[in-house]
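Please read the points alongside the sequence and the model.

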Amino acid sequence: MSKLADTDLAQKRVAVIGGGPAGLFAAERLRSAGVAVDLYEAKGSPGRKFLIAGKGGLNLTHSDPRPLFDSRYRERQAQIAHWLDGFDTDALRRWAQGFGVETYVGSSGRVFPVDRKAAPLLRGWVRRLKERGVRFHVQHRWLGWNDDGSLRMATEDGEVAVRADATVLALGGGSWPQLGSDGSWMDVLQQRGVDTAPLQSANCGFDVDWTPHFQQRHAGAPLKPVVAHWRDLDGQPQQLQGECVISEYGIEGSLIYALAADLRETLNRDGHVTLELDLVPGREESRLLAELGRPRKGRSFGEHLRRAAGLDAVKAGLLFEVLGKDAGNDIAAVARTLKRLPLRLLRPRPMAETISTAGGVRLEAMNEALMLNAVPGVFCAGEMLDWEAPTGGYLLTACYASGLRAAEGVIHWLQR
Ligand SMILES: Cc1cc2nc3c(=O)[nH]c(=O)nc-3n(C[C@H](O)[C@H](O)[C@H](O)COP(=O)(O)OP(=O)(O)OC[C@H]3O[C@@H](n4cnc5c(N)ncnc54)[C@H](O)[C@@H]3O)c2cc1C
């Protein structure tokens, strides 16, 4: 990032609200341009969700080549591709390297810091921002605007008004509200005429109406490997192999998160959605039928399933959930069901417990520089924008890239 020796910019003051990766990265770029930056964060310290992401190893980005990478952002890929043109996977890895944090590509193509931790990176980042002159104001919750255009901040000592030449909002989505991003900004922006899409669960599990018996015996059991079959929103059949977990309320895990957007949107549109699971990938139905048709020699049907089809207890339990306890009477139905076990999903899990959220400020409500059409001088970045992506590092990458885009937008706007 080049430092612009621009005396006009040095006299400008920008408020960045939200101390997640999008806000921190916007602050970094703005400061490098010589702008005075005040960063306001509702919680007692910045980056709490970034730290939680570190618990899972901090999947910073993904090694997918572009345009495959862009396609992860679904219907928003064209717009997000522009952000990624300014800051992509390689740029993010180089940025981390600047803190002495080396990254590596895991077997799934996901990119992690070598130590798989977020705390050292966040500590180094905040320290560097402070050294460069970004002023942090924690325990400052933005409430909206006063009539004179100043920003309303709730602090421990009461409400204060803050003046800024431009503002970057990077307030996060609506998941894990205890970490600070609770989506309460939606009302404020809607009242200012900003077009928003409702926040919804993304990268989430789904409720399934398990029988108490199945729930008690198998909650927590991993289901692997399985192939999921579903239809996308255009009705096209899709399939993906992976792993999931049976939970007390339903089903979750990386495979389910990867399909969650299609499943959720189908539920929204049709009121119902059925996911089909191939519990025995690699075995043809005809072979299964032959193996299951062998004499049981007095063994229970469960034991027979284990020996003949390699089914563990949870997969057998799922079969009984669907076909009932007399499943063994119809071997053809068993073979068919094992290849396409139908699971009726009732609803996505609540936003508060999901990894990320869809919805937020519609991209059409902003210009290319991410400035709100309805509120000139106010830019938005990060997960609060209406895009979604599966887990895999795509979330953080787009947060960084949009933070940079918004900051560049502010710089141009201040120089106009
Ligand atoms: C358990 C978990 C694991 C994850 N793991 C990964 C992963 O490995 N890889 C990946 O790519 N993504 C991961 N994510 C998602 C990723 O952490 C988020 O997408 C990312 O942090 C969003 O960045 P952001 O800056 O837009 O918002 P946030 O990180 O949510 O930051 C927004 C900040 O704004 C503050 N704020 C909100 N409202 C106000 C207000 N009114 N006034 C002042 N401040 C306010 C909040 O306190 C918060 O600090 C994970 C998420 C979770 C929950």
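Which residue in β15 is the bridge partner of Val245?

1. Basis. The model is predicted; local features require pLDDT of at least 70, side-chain atom pairs count only at pLDDT 80 or more, and totals for chains, interfaces and linings use all residues. Residues are numbered from 1 along each chain as its sequence is written, and side-chain values use heavy atoms, with hydrogens and water left out.

2. The bridge. The partner of Val245 is Glu252. Strands β14 (residues 237–246) and β15 (residues 250–252) run antiparallel and are joined by two bridges (strands are DSSP E runs of at least two residues, helices H or I runs of at least four, numbered from the N terminus; two strands pair if DSSP finds at least two bridges between them).

3. The sheet. Seven strands make up an open, antiparallel sheet in the order β17-β16-β13-β14-β15-β12-β18. Because β17 (341–345) and β18 (347–348) stand at the edges with a single partner strand each, one side of each has no neighbour in the sheet.

4. A polar side-chain atom of Glu383 lies 2.6 Å from a ligand oxygen atom, and a polar backbone atom of Ala22 is 3.0 Å from an oxygen atom of the ligand. Taken alone, the ligand exposes 1,000 Å², of which the protein buries 95% (accessible areas by the Shrake-Rupley method with a 1.4 Å probe; for residues, only the protein chains shown count as cover).

5. Shell elements. Helices α2 (21–32), α3 (48–55) and α15 (394–414), together with strand β7 (141–145), each supply at least two residues of the shell around the ligand.

Methods. A polar contact is a pair of N or O atoms within 3.5 Å; within protein, one must be able to donate a hydrogen and the other to accept it, and residues adjacent in sequence count only if both atoms are side-chain atoms.
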